[in-house]
Amino acid sequence: MPLPLFRKSLQWQGYDLKKAHQVLETSLKWTHEDRLGQRDLIFKHHLKTNAFYNTHVQNKSVPWEALPILTKADLQQPLHQRLSKGYSTKNVFKGKTSGSSGHPFSFAKDKFCHAMTWAAFDHAYQQHGIDLDRSLEARFYGIPSSGLPRLKEQLKDFVGNRHRFSIFDMSDSVLKGYLDRFRESEYHYINGYTSSIVLFAKYCQPQNVVLKEICPSLKVCIVTSEMLFEDDRTLLESVLGIPVINEYGSSETGLIAIQNADGDFALNNKTLFIEVVDHQNQPVPDGTVGKILITDLFNKAHPFIRYEIGDLGSISTHNGIQILEQLQGRTSDIARLPNGKVIPGLTFYYVTKSVMSDSNNVLEFIIIQKEALVFEVQYVAQKELTALEKEKIAKAMATYADASIEIVFTRKERLDRSKRGKLKQFMSEVS
């Protein structure tokens with residue numbers, strides 16, 4: 001039985017998880033008016049104590065919907081210049097975004113806000129039978145290659161009761177070792193990047209392995225940080241033999257949405273206020289896709305007020321709760337074509353995936369817009385795509401774009417991932 005260190009370690013570091021859980025229990029009972037009240041309190045706090053945010057908001061008396069949007073580019077200035085009165089870089093939790101949007105920045109949370117972030121995760125995971133103190137995690141994530149950053153991650157893994165499965169090398173010999181670890185260990189859940197867990201499942205599938213059968217202690221698989229497509233969910237649930245839980249969050253705001261026990265992709269409106277707006281920054285009706293905005297209801301050290309997270313999605317209400325109805329990827333991941341079309345990059349990825357799903361050959365792929373009408377499909381496969389497969393993919397992409405687009409296919413041994421191990425399914429090199 002592992003040592004129950006996770007919750008204690010947070011308390012020791014000054015993150016009052018006990019108090020955070022008490023406040024979280026109160027927030028579970030909030031009405032919509034209560035959430036609006038908490039939203040207005042954090043807004044007024046930053047107007048009063050934060051010089052950076054005061055400069056950002058020229059007109060303090062406009063209604064909430066007319067307040068300016070806070071973008072990642074706005075936050076690309078020294079952290080100490082963005083902190084509220086009473087906070088310094090020495091008495092806050094500090095972090096950095098991954099920079100996958102092209103606008104990396106440092107951020108801060110006051111210690112109670114960070115405790116609230118963990119309380120939200122703790123509460124969500126408990127719904128699925130996961131105890132962060134005692135449930136052993138199989139963690140499919142990246143890890144720094146050496147030095148102090150690597151040691152820090154290894155210490156976090158020890159305290160957090162996690163076994164790390166590094167995803168920078170997922171060759172067959174490595175995946176065989178991973179499968180052996182499941183045979184030898186009593187993991188309670190899998191957590192990590194969607195594409196890497198899918199790759200592991202594709203290795204297991206030809207061997208007729210059902211992971212739950214060789215590791216009976218497994219309860220759920222939580223996928224995060226990347227899109228989860230329905231055919232990938234079907235594959236994972238078949239090969240892993242356990243429910244797959246979709247999670248959506250960010251390093252700077254914490255948990256944004258997670259599937260609950262009923263299967264609804266429930267928004268975390270206990271610690272966050274979440275909106276969707278159009279490209280003119282106007283609110284959209286429920287069910288309409290737009291830009292996702294986040295307001296952190298408890299971060300007093302650093303303002304995240306109507307913060308544009310960088311993703312597109314829609315919100316609706318189901319079974320009396322707000323759910324994330326659609327998540328369509330990053331706002332920056334778009335293809336601009338000479339004919340005037342502006343197409344979400346995941347459209348290309350999705351139609352290509354629908355063709356490739358007919359073949360068990362391709363393990364994973366990405367799409368890069370190299371020039372205005374030139375797209376490269378980089379893929380990992382046992383053998384080259386056939387001429388017929390390439391023709392089908394080209395026709396499918398042309399249907400959504402322009403008949404004159406050129407598709408270049410490049411077979412690779414492995415795809416380039418970010419420093420953290422994320423796989424970006426679509427990117428454009430066209431300015």
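## Two loop residues

Where is the place of N208? N208 sits in the loop between α8 (194-204) and α9 (211-214). In this predicted model, phi of N208 is near 55°, which is a positive value in a residue other than glycine. N208 counts as exposed because its relative accessibility is 69%, and the cut-off for exposed is over 50%.

R306 also has a positive phi, near 50°, and is likewise a residue other than glycine. R306 is found in the loop between β11 (290-296) and β12 (307-318). Is R306 buried or exposed? With a relative accessible area of 0%, R306 is buried, since buried means under 20%.

## The crossing of α2 and α5

Two packed helices are described by the angle between their axes and the distance between the axes. For helix α2 (residues 17-27) and helix α5 (residues 111-126), the axes come within 8 Å and cross at roughly 65°. The crossing of α2 and α5 is right-handed.

Which residues make the contact? From α2 come L17, K19, A20, H21, V23, L24 and E25. From α5 come F112, A115, M116, W118, A119, A120, D122 and H123. By type, the residues of this contact of α2 with α5 divide into 10 nonpolar, 2 polar and 3 charged.

## An open sheet of four strands

An open sheet is formed by 4 strands in the order β18-β17-β16-β19, and the pairing is mixed. Which strands stand at the edges? They are β18 (406-411) and β19 (426-428). Each of these has a single partner strand, so one side of each is left without a neighbour in the sheet. On average, neighbouring strands of this sheet are turned by 20° against each other, direction ignored.

How many bridges join β16 to β19? Strand β16 (residues 362-371) is joined to β19 by 3 bridges, and the two strands run parallel. Q369 stands opposite S428 in β19.

## A helix on the sheet

Helix α11 (residues 345-356) packs on the sheet. The strands that α11 touches are β16, β17 (374-381) and β19. The direction of α11 makes about 140° with that of β16. Of the strands touched by α11, β19 is one of the edge strands.

Definitions and conventions. Residues numbered from 1 in each chain as written. Predicted model: local features only at pLDDT ≥ 70, side-chain atom pairs only at ≥ 80, totals over all residues. Heavy atoms only, no water. Axes fitted to C-alpha atoms, helices over the stretch in contact; angles between N-to-C directions. Left-handed = near helix turned anticlockwise from the far one by under 90°. Contact = heavy atoms within 4.5 Å. Nonpolar A, V, L, I, M, F, W, Y, C, P; charged D, E, K, R; others polar. Pairing = 2+ DSSP bridges. Buried < 20%, exposed > 50% of the residue type's maximum accessible area, 1.4 Å probe, protein only.
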